[in-house]
Amino acid sequence: MLRFILTRVSLIIPTFLGITLLAFFLIRLVPGDPIETLAGERGIDPARHEQLRKEYGFDQPVIVQYGIYLSRVLQGDLGKSMITQEPVLTEFSALFPATVELALCAIVFALLIGLPAGMLAAIRRNSIFDHGVMGVSLTGYSMPIFWWGLILILIFSVQLDLTPVSGRIDVLYYIEPTTGFLLIDTLLSDEEGAFWSAVKHLILPTIVLGTVPLAVIARMTRSAMLEVLGEDYIRTAKAKGLSRFRIVALHALRNALIPVVTVIGLQVGVLFTGAILTETIFSWPGVGKWLIDAIFRRDYPVLQGGALLLGIVVMAVNLLVDLTYGLINPRIRHNR
Amino acid sequence: MTAETMEAPAVAAPTATPPHPLREFWGYFSANHGAVAGLVIIIAVVLVALLADVIAPHSPYVTDTSIALKPPFWQEGGSIAYPLGTDPIGRDILSRLIYGARLSLLIGLVVVAISIVAGTVLGLVAGFFRGLTEIFIMRLMDIILTLPSLLLAIVIVAVLGPGLMNSMLAVALVILPHYVRLARAAVITETSKDYVTAARVSGAGTTRLMFREVLPNCTAPLIVQASLGISTAILDAAALGFLGLGAQPPSPEWGTMLADAREFVLRAWWVVTFPGLAILITVLAFNLLGDGLRDALDPKLKR
């Protein structure tokens, strides 16, 4: 087991180097002098320019420059936002909980509906319900979620006036961030109604962000379930006279879940991508919207640092999923 | 399943000629109603795109503020001259959607063409030369796969500058790893087969082996992936357009149309509804087609 963990962990080193290389070189593709790019439109005086050139090592070979960049990154120094002058890492950590809260709600939503739907579809194979689930999930998989968000706003906010259009909570509440997760913070505070306000603001973004994972999970659960239901041990269980529910819930589901867990892990990247669009539509103050805003403000340090941090987060989650996968499926860890 | 086993001896009989491969393919493909529906929709979208000049009732660019934000014809205040209504600066939405079909199909085809060509070559090279070349290529692809696809595309476009061309390049790069992996995996299974050894023994060079012998036998998974790739490309390019990073206004690209319409969601439902519906239907059609192709080209998989 230890060997398995060590191999997996060591595999992320080249990936990490690759991501930093990408972040390092992409900024150099911006036409013009990198210091002027990083300094923004206000310009920079020549003495400071020269000092920065030395500091960043622009008078040295590219490989040395990359070394300097890498050592800065490893010390947590990702530069400062050109607009706010705040360190990129500080801004990221302030906004990240909002994105995580949304992503967690979305994946829980996707699981709560996707797992049962996929299981039922597999049990009632080729029924109307099965075709319905498959049709809906293929539609969900093809959904342009930026449009889906607008349509849900149109129906639930404009026509029915049930949910708010944007933000995380009504402006009249002020919640001291303790955990950063508003659902928890509002419960801790004694502001009346704040929790419901936060819940109401979460509903539409959760549905929008959860749609694609929901579709993928339902499809995956169905096909994994179908495969497992054809196995010999299921026939044995049937022959023993076990109830249908016991067979499905205890014998089949456990083994069908293994591929589903992997798929959930792979959805993390999809969730962050979706979060960029979802946060833009609902003005959700998370890292996705922050990144898009940075592009339009030409705030290159934020773009470079933010993309790098998101890449690292996805990489870390993938590693965690890999390790859990080895934990729940002994075949994996003994093979390598 | 049983029916097939019953028929097997008849097919194997020396007098019976096997069905033409295309015919056999169509037999499998047409059994999948969803796939046929997808194909019909795609043909319709292609026709609309080709005949845009003929069937579009208005120009997609001419603005006329006196008819701004007219609702679709079945609502009060709408007129049949503008069947799906007009946008905030008085352009006919239907005409813009029709011309947008051209752009979306073009995006899908160009993106997939770029990544399939580059991906196949890289995959063939990785599969044939192994060693350091392979490690380098495949590691690079792993890194691209690790990053969330749209995030990488956004960063690339942000650096290169917004625009249709750059967004197509960015999306092509992002979906590249799938083709590289497929091509490499196919090459590795194929090269161990006897016909490749035979060709090598008879003196075929590496290039000939790569492109004339092995490549034709790896096409099935690539075709399936291409169909699914077109849907990803259309979706991602539309998302970039929506974020203001893809095709720029006044281009009638569907995602860009949505970006323009966003602020009018509260008063004019039609300006946001139709472009998105067009994206959804087209993407769904390509996904249906891709699923159908996969089942038809790989009968082992589901039968």
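1. In chain A, 37% of the 336 residues count as buried. The structure is a predicted model, and the points below should be read with that in mind.

2. The secondary structure of chain A consists of 14 helices and zero strands. The C-alpha trace of chain A extends over about 85 × 55 × 40 Å along its principal axes.

3. Contacts within chain A can be sorted by sequence separation. Of those with a separation of 6 or more, 71% are between residues 24 or more positions apart.

4. Chain B likewise has a secondary structure of 14 helices and zero strands.

5. For chain B, 45% of the 303 residues count as buried. Where contacts in chain B join residues at least 6 apart in sequence, 69% of them link residues at least 24 apart.

6. The two chains touch each other: 36 residues of chain A and 34 residues of chain B take part in the contact. On the chain A side, the elements that supply two or more residues are α1 (2–29), α6 (128–141), α7 (145–159), α11 (244–282), α12 (287–296) and α13 (300–328).

7. What is the make-up, by class, of the side of chain A that touches chain B? This side has 27 nonpolar and nine polar residues, and no charged residues.

Definitions and conventions:
Residues numbered from 1 in each chain as written. Chains lettered and ligands numbered in written order. Predicted model: local features only at pLDDT ≥ 70, side-chain atom pairs only at ≥ 80, totals over all residues. Helix = DSSP H or I, 4+ residues; strand = E, 2+ residues; numbered from the N terminus. Buried ≥ 20, exposed ≤ 12 C-beta atoms within 10 Å, placed from the backbone. Contact = placed C-beta atoms within 7 Å. Nonpolar A, V, L, I, M, F, W, Y, C, P; charged D, E, K, R; others polar.
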